[in-house]
Each structure stands twice: as C-alpha cells, then as structure tokens.
Amino acid sequence: MTTKDDIEDSSAPLVEHLAELRNRLIWSVSAFLIAMILCFVVAEPILDFLLAPIEEAMRSLGDPNPVMQYTAPQEYFFTLVQISVVAGLMVSFPVIAYQLWRFVAPGLYRSEKQAFLPFLLASPILFFVGAAFAHYVVTPIAMTFFLGFADAYSVIAALVPSLTDAPVIDPAAPVVDQGIDIVFQGKVNETLDISLKLILAFGLCFQLPVLLTLMGKAGIATSAGLAGMRRYAIVIILIVAALVTPPDVMSQLILFFAVYPLYEVSIFLIRRIEKRREAEAKADGTWVEPEADE
C-alpha cells in the first residue's frame, strides 16, 4: 500500500544516481555556456545598461558628455567577458534550477516536493527584485553622492575659506592658473565592479525570507526564536552589509533598511506555518501542548 509520502525511485543504485548526476551537470554546464556566448554577443548593450546609473549621475552634475576609459588593451575585452559570465549565469539559472530539481525530486516525499517547490520558484524572483532595487535605487544614490562630493566640498571651501590652506584671492586680481584640477576619469571595469557587487549583494540578501522560512518549515527555526534574536539580527545584518557592499556607509545603511524588513517578513511567514501545522496536528489528534516556562 502506498501513501502520499512514498519516495519515488528510491531503490535506484548508486551507479544510476551518478549517471543521473552526470547528465544533469552536462545539461547545466551546456545551458550556462550557451547563455554566456549569447550574452557576450550583446555584452555591450548590457554594459551600457549597467553603467546607466553613473551616466545619469554625471549628467545631473553638469557633465554633458560622460566618458569612461580603460587603461589596458585587454581590459575592455575581459570586462565584456565578465558581463557575459554573470549575465549567462542569470539567464541559465532556470535551466540549472530545473536540472537540480529533477535530480533531487525523486528522493523527496511528495509532501516535501509540494513544500519545497514554492521556495524554488520564489528564490529567483526575490533575487531579481533585489537586483532591480540595487540597480534602479541604490546605485544611482551612491554614484550621485560620491561624484557630487567634490562639488559639495568646493562649495563649502568657498563659503568657509579657513577650511583650506589656499589663500584668499582678490576678485580684481588677474587670474593665475595654479594648482592641480582633480577630475573624475572613471575606469569601465572598476565602475562595473561596483554595480555588480551591489546587484549581487542585494540579490543574495533578498534570499533571507526563503532561507529562514525553509528553516522554519524544517523545524530548525521558530518564530519565537527569531523574534527573540532581533537585536542580534540587527548586528549581523549590519556586519553582512559592511562586508558585501562597497566601502561606503550609505550603501550599507540602504542594504540594512531593505533587508531587515525581510527578517520581519520571515518571522510572519514562519508564524503562519506554525499555526497551520498546529491546526493540522489538532485535527489529527496528535497535537501536544508545549510546556509553559516556569
């Protein structure tokens, strides 16, 4: 007699599992390579898209013709390769996730499949939401802040000359070209690194509800336990934000205020799972009331 929790194909020998793993890896690697090659063909438009926030920031600060540069002959080529690798991985992720699911699913109970599949679908959605938030919100703010810092400092220095060592110049005196002009000459690969780091950081951090809810589903985490660890969660999120974002306080704070609400959402989702589990246990007559703390 079979039940809804029967494991499918659980009697497959080790050799068949290894052969299945090899086939899934071949499909995954092939999908990634094909996606990477296709993305390399359109790598320049993708690069323009990724550099759009800094272009807008430069134009808003009065640069009518923004220019980026590269200083080594091979630098631009490897920048396009880097873009094609990251974009190819993102494009091929549905195929890779499907192959992973096809390999793991036969060893899961049917109830486990029904519980795990929504999280598998939610993970890429949350990643793209986090990546879009980083690209359209965080990166423009960070670029505008840093590029505008020099102008802001110049204004302050003009209002308060004592902040600098430069002598006060008589407006009637002839203008003498002295000193060194400090201007921004951005490198393509360095600017791209900042954009990609922010996209990956926010995309990965937005996986927090999936991770915590899966832990709650497995009984590893509880809503009460997570609620009691809020103060520690705040510190941990701040540390992670400092590690995965560029070294500026603004990006770190934006990541914190974006991720911490997801922590509260995770507590809410786990609490719903616990209530549903309690209702099912009471209906089956297997519910045991937890002992009250003395």
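Q: I am starting with one residue. What is the relative accessible area of E264, and how does E264 count on that basis?
A: The relative accessible area of E264 is 25%. Buried means under 20%, and exposed means over 50%. The value for E264 lies in between, so E264 is partly exposed. Keep in mind that this is a predicted model.

Q: Which residue forms a salt bridge with E264?
A: Start with the general idea. Side chains of opposite charge can pair when their charged atoms come close. Here the partner of E264 is R230, and the closest N and O atoms are 2.7 Å apart. This pair links distant parts of the chain. R230 sits in helix α9, residues 230-244, while E264 sits in helix α10.

Q: How does R230 count, buried or partly exposed?
A: R230 has a relative accessibility of 30%, so R230 counts as partly exposed.

Q: How many salt bridges are there by this rule?
A: The count comes to four. Among them is a bridge between the side chains of R24 and E20, at 2.7 Å from N to O. R24 and E20 lie four residues apart in helix α1, residues 14-41, so about one helical turn separates them.

Q: How do I read the exposure of R24?
A: Compare the value with the 20% cut-off for buried. R24 has 14% relative accessibility, so R24 counts as buried. E20 has a relative accessible area of 26%, so E20 is partly exposed.

Q: Which residue pairs with R59?
A: R59 forms a salt bridge with E55. The closest N and O atoms of this pair are 3.2 Å apart. R59 and E55 are four residues apart in helix α3, residues 52-60, so they are separated by about one helical turn. R59 counts as partly exposed because its relative accessibility is 44%. E55 is partly exposed, with a relative accessible area of 34%.

Q: Let me go back to α9 and α10. At roughly what angle do their axes cross?
A: The general idea is simple. Two packed helices are described by the angle between their axes and the distance between the axes. The axes of α9 and α10 cross at roughly 140° and come within 9 Å. That makes α9 oblique to α10. The crossing of α9 past α10 is right-handed.

Q: Which residues of α9 and α10 meet?
A: On the α9 side they include R230, A233, I234, I237 and L238. On the α10 side they include L255, F256, V259, Y260, Y263 and E264. R230 and E264 also form the salt bridge discussed above.

Q: Where do F256 and Y260 lie?
A: Both lie in helix α10, residues 249-284. They are four residues apart, about one turn of the helix. F256 counts as buried at 10% relative accessibility. Y260 counts as buried at 19%. F256 and Y260 also belong to one aromatic cluster, together with F257 and Y263.

Q: How many aromatic pairs does the rule count?
A: First, the general idea. A pair of aromatic rings is described by the distance of the centres and the angle of the planes. The count here comes to 10 aromatic pairs. In one of them, the rings of F133 and F202 have centres 5.7 Å apart and planes at 50°, so the pair is tilted. The pair links distant parts of the chain. F133 is in helix α5, residues 110-159, and F202 is in helix α6, residues 188-205. They are 69 residues apart.

Q: How does F133 count, buried or partly exposed?
A: F133 counts as partly exposed, at 27% relative accessibility. F202 counts as buried, at 0%.

Q: What kind of pair do the rings of F256 and Y260 make?
A: The ring centres of F256 and Y260 are 5.9 Å apart and the planes are at 20°, so the pair is stacked. The reasoning uses one cut-off: planes under 30 degrees apart count as stacked.

Q: How do α4 and α6 pack, at roughly what angle?
A: The axes of helix α4, residues 75-104, and α6 come within 10 Å and cross at roughly 15°. That makes α4 roughly parallel to α6. The crossing is left-handed. Contact residues include E75, T79 and Q82 of α4, and V188, N189 and L192 of α6.

Q: How many helices and strands does the protein chain have?
A: The protein chain has 10 helices and zero strands. Of its 294 residues, 31% count as buried.

Methods: Residues numbered from 1 in each chain as written. Predicted model: local features only at pLDDT ≥ 70, side-chain atom pairs only at ≥ 80, totals over all residues. Heavy atoms only, no water. Phe/Tyr/Trp six-rings, centres within 6.5 Å; stacked < 30°, edge-to-face > 60°. Helix = DSSP H or I, 4+ residues; strand = E, 2+ residues; numbered from the N terminus. Buried < 20%, exposed > 50% of the residue type's maximum accessible area, 1.4 Å probe, protein only. Axes fitted to C-alpha atoms, helices over the stretch in contact; angles between N-to-C directions. Parallel < 35°, antiparallel > 145°, perpendicular 65-115°, else oblique. Left-handed = near helix turned anticlockwise from the far one by under 90°. Contact = heavy atoms within 4.5 Å.
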